[in-house]
Amino acid sequence: MTELDTLDIIVLAAILLGTAAYFTKGKLWGVTKDPYASSFAGANGKAGKTRNIVEKLEESGKNCIIFYGSQTGTAEDYASRLAKEGKSRFGLETMVADLEEFDYDNLDAIPNDKVVMFVLATYGEGEPTDNAVDFYEFVTGEDVSFNEGNDPPLSNLNFVAFGLGNNTYEHYNSMVRNVTKALEKHGAHRIGEAGEGDDGAGTMEEDFLAWKDPMWKALQEKMGLDEREAVYEPIFGIVERETLTKDSPEVYVGEPNKMHLDGTPKGPFNAHNPYIAPIAKSFELFSVKDRNCLHMEVDISGSNLTYQTGDHIAVWPTNPGEEVDRFLNTFGLTDKRHQVISVKALEPTAKVPFPTPTTFDAIVRYHMEICAPVSRQFIATLAAFAPNEESKAEMTKLGGDKDYFHQKVNVHHLNIARILKSVSKGQPWISVPFSALIEGVTKLQPRYYSISSSSLEQPKMISITAVVERQTIPGRDDPFHGVATNYLLALKEKQNGEPNPTPFGLSYEITGPRNRYDGVHVPVHVRHSNFKLPSDPTKPIILIGPGTGVAPFRGFVRERVNQVKNGETVGKTILFFGCRKRTEDFLYDKEWQEAKEVLGDNFELVLAFSRDGPKKVYVQHRLKERSKEINELLEKKAYFYVCGDAANMAREVNTVLAQILSEQRGIPDTKAEEIVKNMRAANQYQEDVWS
């Protein structure tokens, strides 16, 4: 074989390099950056962003920053609405900010001609939301240290505060109360009252609206602001991308971020980045035709997700096709549903809430809460874009009269498209800027469910137990359907042999964007909870869980069964379970029998069937009947757990427990209530409840 000389080698190398360059152009090099693209590249946000609040305000020319601590998206929505109103009514240069994206040791350096607003949800038993933990621990800490050395340290800071809470919890609105107290302790100046919204009473929206007007008046006086006529100014620009189609590889058709678009999703999987989990099995738990309750097993073995017994799983739902069609039709977008658009923030601190380029259909189907309740404030905003004067007058009345709005909208659970169709008698609202819809319709949020499996028994398989929400409402043509549970019902039907499931006439894109959820997958992440078994397994536990409130207790009982099988000693478990009828909705009947076989006298199931006898019997009644035993267990330092309905059941259980202690121990009611309160403070009394 002839040897290659130096020149041959150089020529060959040049040819190879040229060939490689040709085939990798546009992939590894020479990539033309899309000026409108926003990729949501993953869970860790943008590199190089400043965490210095003062720097951020100065470089962006802002004089009002609204921080939010949000778990379900409501606080974030309120923060956005305050920013919008502050700019349009008073000319404030506003920005909305996630609490976890900044440091707080230089709060004392914020100039006193600027204002900081805090919109803070309280999560669970008085805890900060996930994104507010670091801020809360810093500002309420004993040895908090600021940069400037002022005395008092925050004498420069002007702040506004609104809290989102639920009065059925012991620590109602504790976040806003504790943060306000801490800021004022350090010398900060509160402007207006610290507002409190109550989800438990169903008045959150009206509480917010009633608080903000006097707040703006106080801020106007403090900062010398001039009010002007509010005119809609878009935050986002919409650009149609004629050179792209929905099948173009760079176009997002529902993928949450760039890794999912590229088909290479990887962890960490969290609230910004779901894991597309296979559903291992699913089945119906009820034996009655008009109601459904699902048991679903989600396989997380292909991810880095972990959970502990008592945690929550978040399901990322998809909107039903019928509501997507209604929404697009209402705004005259049906023929443009697959039109590719880019959405660009028109001011530097605004964030596009989904990745682009994308399509109208993908935004509405995967990213907008189009089935959610609507705020009066948003209705008032849309009045300016009404298709005729009659509709404009009706929208203005709905936006300005809370009783009229309640009568026409709230009681019927109407979403935005249904309201507008009704107001305009079917005439489309083609003048509404799509930017206004992005701003006014909240982001589609994951739904959280108490995990009903034991991590000791099946660490890589998560169980969900969920009632499918379907509610008949007087005066409404069709039932109200929950978004996530009906989506899960469609997945269950698909897995069990139905090729094109349409539960209750609703259809879903259950194969997901580009068919990447095919094979029956669901996007999920795990949220860790403080709702936990005692670390000492010999401690007795008292579990109160009617209906699907039994979900975490299935996990607790299975955990104890496995501990016994592993040779451990466990304490007494007494479970109070309630449902309508033994023959219809008695959940996990056989499993409790199997648990009894393993745990013996250390497990007892107490049942309350509300519709099987002459009078309704609930778990709180059964609890009262067992007063002597409950008191004896509590004297042995038993842990007490409640899961389920917050407004009625949980509140009544709390009352009954205090009555038991008072009667059994011969102490005044006030003393018994104090003991219950101390149990809560010591985590001996835990709740996982919902409105």
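The following dialogue goes through several features of a predicted model, one at a time.

Visitor: What should I know about the model before reading any detail?

Guide: This is a predicted model in which local features need pLDDT of at least 70 and side-chain atom pairs count only at pLDDT 80 or more, while totals for chains, interfaces and linings use all residues. Residues are numbered from 1 along each chain as its sequence is written, and side-chain values use heavy atoms, with hydrogens and water left out.

Visitor: What is the mean pLDDT of the protein chain?

Guide: pLDDT is the predictor's confidence in each residue, on a scale from 0 to 100. The chain has a mean of 92, and 93% of its residues reach 70 or more. Residues 21-32 have pLDDT below 50, and beyond near neighbours in sequence this stretch has three contacts in the model, where contact means heavy atoms within 4.5 Å. Residues 41-48 also have pLDDT below 50, with nine contacts beyond near neighbours in sequence. Where pLDDT is low, the predicted coordinates should not be read in detail.

Visitor: Which strands does β5 pair with, and in which sense, parallel or antiparallel?

Guide: Strands of a sheet pair through backbone hydrogen bonds, either parallel or antiparallel. Strands here are DSSP runs of E with at least two residues, helices are runs of H or I with at least four, and both are numbered from the N terminus; two strands pair if DSSP finds at least two bridges between them. Strand β3 (residues 115-123) runs parallel to β5 and is joined to it by seven bridges, with L120 standing opposite G163 of β5. Two bridges link β5 in parallel to β6 (residues 189-190), where R190 is the bridge partner of F159. Four bridges, again in the parallel sense, pair β5 with β7 (residues 195-198), and there G197 is the bridge partner of L164.

Visitor: What handedness does the unit of β5, α5 and β6 have?

Guide: A crossover is right-handed if, with the strands pointing away from the viewer, the path from the first strand over the helix to the second runs clockwise. The β-α-β unit made by β5, helix α5 (residues 174-185) and β6 is right-handed.

Visitor: Which way do the residues of β5 point, and are they buried or exposed?

Guide: In a regular strand the side chains alternate between the two faces of the sheet. Buried means under 20% relative accessible area, exposed over 50%, and partly exposed in between, with a 1.4 Å probe and protein chains only. In β5, N158, V160, F162 and L164 point one way and F159, A161, G163 and G165 the other, and all are buried. Eight of the eight residues of β5 (residues 158-165) are buried, so this strand is largely enclosed by the rest of the structure.

Visitor: How many residues of helix α13 are buried, and what covers them?

Guide: Seven of the nine residues of α13 (residues 416-424) are buried, so this helix too is largely enclosed by the rest of the structure. The buried residues are I416, A417, R418, I419, L420, V423 and S424, and what covers them includes α8 (321-330), α10 (376-382) and α11 (389-400). At the N-terminal end, N415 caps α13 through a side-chain oxygen that lies 3.3 Å from the backbone nitrogen of A417. Just after α13, K425 takes a positive phi of about 55°.

Visitor: Where does the open sheet of three strands have its edges?

Guide: The order of this sheet is β8-β12-β13, with antiparallel pairing. Its edge strands are β8 (236-240) and β13 (358-359), each of which pairs on one side only. Two bridges join β12 (residues 340-345) to β13, and I341 stands opposite T358 of β13.

Visitor: At which residues does UniProt place the feature "binding site"?

Guide: UniProt positions are given in the numbering used here, feature names are shortened, and annotations may be inferred rather than shown by experiment. The unreviewed UniProt entry places "binding site" at residues including Y449, V483 and T485.

Visitor: What surrounds T485 in the model?

Guide: T485 lies in helix α15 (residues 483-495) and is buried, with a relative accessible area of 6%. Leaving aside neighbours within four places in sequence, T485 is in contact with L294, Y449, A466, V467, V468 and E469. The side chain of T485 reaches the backbone nitrogen of E469 at 3.0 Å; a polar contact is a pair of N or O atoms within 3.5 Å, and within protein one must be able to donate a hydrogen and the other to accept it, while residues adjacent in sequence count only if both atoms are side-chain atoms. Y449, in strand β14 (residues 447-450), is buried at a relative accessible area of 14%.
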